[in-house]
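Biologist: I am new to this structure and would be grateful for a guided account of its pockets. Could we proceed by question and answer?

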Amino acid sequence: MEQDSGVHLDVLKVDGGVTANRLCMQLQADILGVPVSRPVVAETTALGAAYAAGLATGFWKSTDELRHNWNESERWSPTWSQERREDGYANWKKAVQRTLGWVDV
């Protein structure tokens, strides 16, 4: 992600239904090597629409006010070593290569 974007990733902020799966969140932290943070309100699509409406009507003066509303519910820290992460990625790439060509399109 950092190579593609050029932006250093300090923490991955997640949302949506999958964030209820703690194993999935821990795997994200381990694979990426950065903490994963879930907000108190995990369903942020509806919240974002409400924030946009509130900004449009002047209920909130700025996005800075909205940032103060964000609160962390849970955080997962990486437990894998860099070597384990690199080995896992190499094996994943091998697995992807082995699946290519199985089905004729």
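Predicted model: local features only at pLDDT ≥ 70, side-chain atom pairs only at ≥ 80, totals over all residues.

Biologist: Which elements give two or more residues to the lining of the second largest pocket?

Modeller: This pocket is lined by 16 residues. Nearest its centre lie Leu47, Tyr51, Leu66, Asn69 and Trp70. The elements that supply two or more lining residues are α3 (44–57) and α4 (63–69).

Biologist: How many residues in the lining of the second largest pocket are nonpolar?

Modeller: The lining is divided here by residue class. Three of its residues are charged and five are polar. The nonpolar class has eight.

Biologist: What volume does the largest pocket have, and which residues are the closest to its centre?

Modeller: The volume of the largest pocket is about 610 Å³. Its lining comprises 14 residues. Those closest to the centre are Met1, Ile31, Leu32, Arg85 and Tyr89.

Biologist: Which element gives the most to the lining of the largest pocket?

Modeller: At least two lining residues come from each of α1 (2–5), α2 (22–32) and α5 (82–99). By class, the lining holds seven nonpolar, three polar and four charged residues. The greatest contribution, five residues, is that of α5.

Biologist: Which residue takes a positive phi just after α5?

Modeller: The helix α5 has 18 residues, and its span from first to last C-alpha is 26 Å, close to the expected 26 Å. Just after α5, a positive phi of about 85° is taken by Gly101.

Conventions:
Residues numbered from 1 in each chain as written. Heavy atoms only, no water. 1 Å grid on protein atoms, 1.4 Å probe; cavity = no way out; pocket = protein on both sides within 12 Å on 5 of 7 lines; lining within 4 Å. Points joined across faces, edges and corners; volume = space filled by probe spheres on them. Helix = DSSP H or I, 4+ residues; strand = E, 2+ residues; numbered from the N terminus. Nonpolar A, V, L, I, M, F, W, Y, C, P; charged D, E, K, R; others polar. Expected span 1.5 Å × (residues − 1).
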